[in-house]
Amino acid sequence: MVHFVGAGPGAPDLITLRGKNYLEQADVIIYAGSLVNPQLLDYAKEGCEIYNSAKMTLEEVLEVMKQAEAEGKTTVRLHTGDPCVYGAVREQMDELDKLGIGYDSCPGVSSFCGAAAALDLEYTLPNISQSVIITRMAGRTPVPEKESIESFAAHQATMVIFLSTGMLEELSRRLIEGGYSADTPAAIVYKASWEDEKKFICTVGTLAQTAKENHITKTALMIIGDVVQTSEYDRSLLYHPEFTTEFREGKKKS
Ligand code: SAH
(Lines give C-alpha, C1' and ligand atoms only; values in the text may rest on other atoms or scores of the structure.)
Protein backbone atom coordinates (compact mmCIF):
# COMPACT_ATOMS: atom_id res chain seq x y z
CA MET A 1 0.00 0.00 0.00
CA VAL A 2 1.17 3.50 -0.88
CA HIS A 3 -0.29 6.58 0.82
CA PHE A 4 0.14 9.84 -1.10
CA VAL A 5 0.23 12.44 1.67
CA GLY A 6 0.16 16.23 1.58
CA ALA A 7 2.82 17.55 3.95
CA GLY A 8 1.32 21.03 4.20
CA PRO A 9 3.18 24.24 3.40
CA GLY A 10 6.08 23.76 5.83
CA ALA A 11 5.33 24.02 9.55
CA PRO A 12 5.39 20.44 10.89
CA ASP A 13 2.12 20.95 12.78
CA LEU A 14 0.27 21.91 9.59
CA ILE A 15 0.11 18.31 8.33
CA THR A 16 -3.29 16.65 8.87
CA LEU A 17 -3.76 14.18 11.74
CA ARG A 18 -4.32 11.48 9.16
CA GLY A 19 -1.12 12.36 7.34
CA LYS A 20 0.83 12.31 10.61
CA ASN A 21 -0.62 8.88 11.49
CA TYR A 22 0.48 7.54 8.12
CA LEU A 23 3.99 8.95 8.64
CA GLU A 24 4.18 7.34 12.09
CA GLN A 25 3.18 3.95 10.67
CA ALA A 26 5.20 4.01 7.46
CA ASP A 27 7.96 1.47 6.79
CA VAL A 28 9.19 3.56 3.86
CA ILE A 29 8.90 7.33 3.29
CA ILE A 30 9.73 8.97 -0.02
CA TYR A 31 9.61 12.74 0.49
CA ALA A 32 9.97 15.63 -1.94
CA GLY A 33 13.14 16.99 -0.35
CA SER A 34 13.28 20.19 -2.37
CA LEU A 35 10.23 21.59 -0.53
CA VAL A 36 9.03 19.32 2.27
CA ASN A 37 10.25 20.46 5.69
CA PRO A 38 12.59 17.68 6.92
CA GLN A 39 11.27 18.22 10.47
CA LEU A 40 8.24 16.19 9.33
CA LEU A 41 10.50 13.14 9.14
CA ASP A 42 10.77 13.26 12.94
CA TYR A 43 7.31 11.62 12.92
CA ALA A 44 8.79 8.51 11.27
CA LYS A 45 9.19 5.40 13.39
CA GLU A 46 12.54 3.85 14.29
CA GLY A 47 13.95 1.89 11.36
CA CYS A 48 11.80 3.57 8.70
CA GLU A 49 13.61 3.76 5.33
CA ILE A 50 13.69 7.36 4.10
CA TYR A 51 14.30 8.48 0.50
CA ASN A 52 14.61 12.02 -0.86
CA SER A 53 12.83 12.13 -4.23
CA ALA A 54 14.57 15.40 -5.19
CA LYS A 55 17.49 13.19 -6.18
CA MET A 56 15.42 10.48 -7.88
CA THR A 57 13.67 9.89 -11.19
CA LEU A 58 10.07 8.67 -11.47
CA GLU A 59 11.47 5.24 -12.34
CA GLU A 60 13.60 5.18 -9.19
CA VAL A 61 10.66 6.26 -7.02
CA LEU A 62 8.55 3.47 -8.49
CA GLU A 63 11.32 0.94 -7.94
CA VAL A 64 11.37 1.79 -4.21
CA MET A 65 7.56 1.47 -4.04
CA LYS A 66 7.69 -1.85 -5.91
CA GLN A 67 10.36 -3.27 -3.61
CA ALA A 68 8.48 -2.11 -0.49
CA GLU A 69 5.26 -3.67 -1.77
CA ALA A 70 7.05 -6.99 -2.48
CA GLU A 71 8.19 -6.99 1.16
CA GLY A 72 4.68 -6.24 2.44
CA LYS A 73 5.70 -2.76 3.61
CA THR A 74 3.66 0.44 3.79
CA THR A 75 5.00 3.43 1.88
CA VAL A 76 4.23 7.13 2.34
CA ARG A 77 4.88 9.35 -0.65
CA LEU A 78 5.13 12.77 0.97
CA HIS A 79 4.48 15.78 -1.27
CA THR A 80 4.61 19.43 -0.32
CA GLY A 81 1.39 21.35 0.30
CA ASP A 82 -1.46 19.37 -1.24
CA PRO A 83 -0.43 16.73 -3.77
CA CYS A 84 -3.19 17.80 -6.18
CA VAL A 85 -1.39 21.05 -7.11
CA TYR A 86 1.77 20.55 -9.22
CA GLY A 87 2.39 17.31 -7.34
CA ALA A 88 3.19 14.99 -10.28
CA VAL A 89 1.14 12.33 -8.52
CA ARG A 90 -0.99 11.20 -11.43
CA GLU A 91 1.98 9.74 -13.30
CA GLN A 92 2.92 7.73 -10.22
CA MET A 93 -0.64 6.48 -9.73
CA ASP A 94 -0.95 5.39 -13.34
CA GLU A 95 2.21 3.32 -13.01
CA LEU A 96 1.04 1.85 -9.69
CA ASP A 97 -2.19 0.84 -11.44
CA LYS A 98 -0.16 -1.04 -14.05
CA LEU A 99 1.82 -2.75 -11.29
CA GLY A 100 -1.34 -3.63 -9.37
CA ILE A 101 -0.15 -1.74 -6.27
CA GLY A 102 -2.91 -0.13 -4.18
CA TYR A 103 -2.76 3.50 -3.08
CA ASP A 104 -4.83 6.28 -1.60
CA SER A 105 -4.53 10.05 -1.15
CA CYS A 106 -4.45 12.17 1.99
CA PRO A 107 -4.90 15.90 1.39
CA GLY A 108 -2.68 18.62 2.82
CA VAL A 109 -2.77 22.37 3.33
CA SER A 110 -1.62 23.83 0.03
CA SER A 111 0.93 26.64 0.16
CA PHE A 112 -1.63 28.97 -1.41
CA CYS A 113 -3.68 28.55 1.78
CA GLY A 114 -0.54 28.89 3.90
CA ALA A 115 0.27 32.14 2.10
CA ALA A 116 -3.23 33.53 2.71
CA ALA A 117 -2.85 32.68 6.40
CA ALA A 118 0.53 34.42 6.50
CA LEU A 119 -1.15 37.61 5.29
CA ASP A 120 -4.49 37.12 7.09
CA LEU A 121 -6.06 37.34 3.66
CA GLU A 122 -9.44 36.33 2.25
CA TYR A 123 -9.07 35.55 -1.45
CA THR A 124 -12.80 35.85 -2.10
CA LEU A 125 -14.08 39.21 -0.92
CA PRO A 126 -17.70 40.02 -1.87
CA ASN A 127 -17.85 42.46 -4.77
CA ILE A 128 -14.05 42.31 -5.30
CA SER A 129 -13.35 38.75 -6.44
CA GLN A 130 -15.20 35.49 -6.04
CA SER A 131 -12.67 33.32 -7.84
CA VAL A 132 -9.07 32.26 -7.33
CA ILE A 133 -6.94 31.45 -10.35
CA ILE A 134 -4.06 29.13 -9.52
CA THR A 135 -1.48 29.11 -12.24
CA ARG A 136 2.21 29.41 -13.09
CA MET A 137 4.37 30.91 -15.78
CA ALA A 138 5.75 28.74 -18.52
CA GLY A 139 9.43 28.23 -17.82
CA ARG A 140 11.56 25.19 -18.62
CA THR A 141 8.31 23.23 -18.42
CA PRO A 142 5.51 24.52 -20.64
CA VAL A 143 1.98 25.72 -19.83
CA PRO A 144 -0.78 25.17 -22.43
CA GLU A 145 -1.02 28.27 -24.64
CA LYS A 146 -4.71 28.78 -23.88
CA GLU A 147 -3.72 29.33 -20.22
CA SER A 148 -1.62 32.42 -20.75
CA ILE A 149 -1.10 34.88 -17.87
CA GLU A 150 -2.65 37.59 -20.07
CA SER A 151 -5.85 35.60 -20.59
CA PHE A 152 -6.25 34.97 -16.85
CA ALA A 153 -5.36 38.57 -15.99
CA ALA A 154 -8.30 39.67 -18.13
CA HIS A 155 -10.67 38.24 -15.48
CA GLN A 156 -9.31 40.58 -12.77
CA ALA A 157 -9.98 37.79 -10.30
CA THR A 158 -7.58 36.90 -7.49
CA MET A 159 -4.54 35.13 -8.92
CA VAL A 160 -2.05 32.95 -7.07
CA ILE A 161 1.05 32.25 -9.11
CA PHE A 162 3.23 29.26 -8.32
CA LEU A 163 6.69 28.28 -9.56
CA SER A 164 7.52 31.61 -11.14
CA THR A 165 9.70 33.52 -8.68
CA GLY A 166 12.60 33.73 -11.12
CA MET A 167 10.50 35.37 -13.84
CA LEU A 168 8.88 38.32 -12.13
CA GLU A 169 9.70 41.00 -14.69
CA GLU A 170 8.01 38.96 -17.38
CA LEU A 171 5.14 38.16 -15.00
CA SER A 172 4.50 41.87 -14.29
CA ARG A 173 4.65 42.73 -17.97
CA ARG A 174 2.19 40.01 -18.91
CA LEU A 175 -0.21 40.81 -16.05
CA ILE A 176 -0.28 44.44 -17.23
CA GLU A 177 -0.71 43.41 -20.87
CA GLY A 178 -3.62 41.27 -19.73
CA GLY A 179 -5.39 44.19 -18.10
CA TYR A 180 -4.16 44.69 -14.53
CA SER A 181 -2.94 48.21 -13.81
CA ALA A 182 0.64 48.50 -12.55
CA ASP A 183 -0.63 49.74 -9.19
CA THR A 184 -2.86 46.69 -8.54
CA PRO A 185 -1.98 45.31 -5.08
CA ALA A 186 0.21 42.21 -5.05
CA ALA A 187 2.08 40.16 -2.48
CA ILE A 188 5.04 37.82 -2.38
CA VAL A 189 5.06 35.14 0.31
CA TYR A 190 8.30 33.22 0.75
CA LYS A 191 8.25 29.89 2.62
CA ALA A 192 4.78 30.38 4.10
CA SER A 193 4.55 28.86 7.61
CA TRP A 194 8.29 28.01 7.80
CA GLU A 195 10.39 29.59 10.55
CA ASP A 196 12.07 31.83 7.97
CA GLU A 197 8.81 32.87 6.28
CA LYS A 198 8.89 36.31 4.65
CA LYS A 199 6.04 38.32 3.19
CA PHE A 200 5.89 41.53 1.23
CA ILE A 201 3.02 43.65 -0.01
CA CYS A 202 3.82 45.42 -3.27
CA THR A 203 2.09 46.09 -6.58
CA VAL A 204 1.93 44.32 -9.92
CA GLY A 205 4.49 46.83 -11.20
CA THR A 206 6.97 46.30 -8.34
CA LEU A 207 7.00 42.49 -8.05
CA ALA A 208 10.47 41.99 -9.53
CA GLN A 209 12.02 44.89 -7.61
CA THR A 210 10.50 43.69 -4.32
CA ALA A 211 11.84 40.16 -4.81
CA LYS A 212 15.25 41.47 -5.82
CA GLU A 213 15.57 43.85 -2.87
CA ASN A 214 14.70 41.05 -0.48
CA HIS A 215 16.74 38.32 -2.20
CA ILE A 216 13.72 36.13 -2.93
CA THR A 217 14.53 33.78 -5.80
CA LYS A 218 12.47 30.65 -5.09
CA THR A 219 9.88 28.94 -2.85
CA ALA A 220 7.49 31.86 -3.08
CA LEU A 221 3.97 32.56 -4.23
CA MET A 222 2.80 35.73 -5.89
CA ILE A 223 -0.72 36.88 -5.04
CA ILE A 224 -2.35 39.38 -7.36
CA GLY A 225 -5.54 41.36 -6.95
CA ASP A 226 -7.41 43.96 -4.96
CA VAL A 227 -8.15 41.44 -2.18
CA VAL A 228 -4.54 41.96 -1.05
CA GLN A 229 -5.28 45.48 0.14
CA THR A 230 -8.76 46.83 -0.44
CA SER A 231 -11.11 48.00 2.28
CA GLU A 232 -13.91 48.64 -0.24
CA TYR A 233 -15.53 45.18 -0.20
CA ASP A 234 -19.19 44.53 0.66
CA ARG A 235 -19.97 42.72 3.90
CA SER A 236 -21.22 39.17 3.42
CA LEU A 237 -24.98 38.72 3.19
CA LEU A 238 -24.73 35.42 5.04
CA TYR A 239 -24.04 37.19 8.33
CA HIS A 240 -26.20 40.25 7.64
CA PRO A 241 -28.99 40.79 10.23
CA GLU A 242 -31.66 41.28 7.51
CA PHE A 243 -30.69 38.20 5.48
CA THR A 244 -32.67 34.98 6.04
CA THR A 245 -30.92 31.64 5.65
CA GLU A 246 -31.83 28.02 6.27
CA PHE A 247 -30.49 28.41 9.81
CA ARG A 248 -31.46 31.94 10.80
CA GLU A 249 -34.48 34.24 10.34
CA GLY A 250 -33.47 37.73 9.14
CA LYS A 251 -34.87 40.70 11.07
CA LYS A 252 -36.82 43.38 9.18
CA LYS A 253 -35.12 46.75 9.13
CA SER A 254 -36.85 48.96 11.76
N1 SAH B 1 1.77 20.95 -4.03
C2 SAH B 1 2.36 22.19 -3.58
C3 SAH B 1 2.96 23.00 -4.73
C4 SAH B 1 4.17 22.36 -5.35
S5 SAH B 1 4.88 23.33 -6.62
C6 SAH B 1 1.30 23.00 -2.81
O7 SAH B 1 0.14 22.61 -2.74
O8 SAH B 1 1.66 24.04 -2.26
C9 SAH B 1 6.16 24.16 -5.78
C10 SAH B 1 5.87 25.64 -5.66
O11 SAH B 1 4.91 25.84 -4.66
C12 SAH B 1 7.05 26.50 -5.25
O13 SAH B 1 7.85 26.87 -6.34
C14 SAH B 1 6.34 27.71 -4.69
O15 SAH B 1 5.84 28.53 -5.72
C16 SAH B 1 5.17 27.07 -4.02
N17 SAH B 1 5.39 26.77 -2.58
C18 SAH B 1 5.47 25.58 -1.99
N19 SAH B 1 5.58 25.70 -0.66
C20 SAH B 1 5.56 27.04 -0.40
C21 SAH B 1 5.59 27.83 0.79
N22 SAH B 1 5.66 27.26 1.99
N23 SAH B 1 5.52 29.16 0.65
C24 SAH B 1 5.41 29.76 -0.56
N25 SAH B 1 5.36 29.06 -1.71
C26 SAH B 1 5.44 27.73 -1.64
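What follows is a short briefing on the overall build, the ligand site, the charged pairs and a few loop residues.

This is a predicted model, where local features need pLDDT of at least 70, side-chain atom pairs count only at pLDDT 80 or more, and totals for chains, interfaces and linings use all residues. Residues are numbered from 1 along each chain as its sequence is written, and side-chain values use heavy atoms, with hydrogens and water left out.

**The big picture**

- The protein has 7 helices and 10 strands; helices (H or I, at least four residues) and strands (E, at least two) are DSSP runs, numbered from the N terminus.
- Taken along the principal axes, the C-alpha atoms fill a box of roughly 70 × 50 × 35 Å.
- Of the 254 residues in the protein, 44% are buried. Buried means under 20% relative accessible area, exposed means over 50%, and partly exposed is in between (1.4 Å probe, protein chains only).

**Around the ligand**

- There are 18 residues around the ligand, and V85, S110, S111, A192 and A220 come nearest. To count as near, a residue needs one of its heavy atoms within 4 Å of the molecule or strand in question.
- S111 uses its side chain here: one of its polar atoms lies 2.7 Å from an oxygen atom of the ligand.
- A220 brings a backbone N or O atom to 2.8 Å from an oxygen atom of the ligand.
- For K191, a backbone N or O atom lies 3.4 Å from a nitrogen atom of the ligand.
- How much of the ligand does the protein cover? On its own the ligand has 540 Å² of accessible area, and the protein covers 95% of that. Such areas come from the Shrake-Rupley method with a 1.4 Å probe; for residues, only the protein chains shown count as cover.
- The ligand takes up the space of the largest pocket. On a 1 Å grid over the protein atoms alone, a pocket is an open set of points where a 1.4 Å probe fits, with protein on both sides within 12 Å along at least five of seven lines. A molecule sits in a pocket if more than half of its atoms lie within 2 Å of its grid points.

**Charged pairs**

- Side chains of opposite charge can pair when their charged atoms come close.
- A search of the whole structure turns up 13 salt bridges. Each one is a side-chain nitrogen of Lys or Arg within 4 Å of a carboxyl oxygen of Asp or Glu.
- K73 pairs with E49, and their closest N and O atoms are 2.7 Å apart.
- Shared partners join E49, E71 and K73 into one network.
- E63 and K66 form another salt bridge, with their closest N and O atoms 3.9 Å apart. The two are about one helical turn from each other because they sit 3 residues apart in helix α2.
- Both partners are partly exposed, E63 at 42% and K66 at 39%.

- S53 sits in the loop between β3 and α2. With a relative accessible area of 10%, S53 is buried.
- The side chain of S53 makes a polar contact with the side chain of R77 at 3.1 Å. A polar contact is a pair of N or O atoms within 3.5 Å; within protein, one must be able to donate a hydrogen and the other to accept it, and residues adjacent in sequence count only if both atoms are side-chain atoms.
- D42 is in the loop between β2 (28–31) and β3, and is exposed at 64%.
- Most residues other than glycine have a negative phi.
- L163 isn't a glycine, yet has a positive phi of about 55°. You'll find L163 in the loop between β7 (158–162) and α6 (168–178), where it is exposed at 52%.
- S193 isn't a glycine either, and has a positive phi of about 75°. Look for S193 in the loop between β8 (185–190) and β9 (198–203).

Methods:
1 Å grid on protein atoms, 1.4 Å probe; cavity = no way out; pocket = protein on both sides within 12 Å on 5 of 7 lines; lining within 4 Å.
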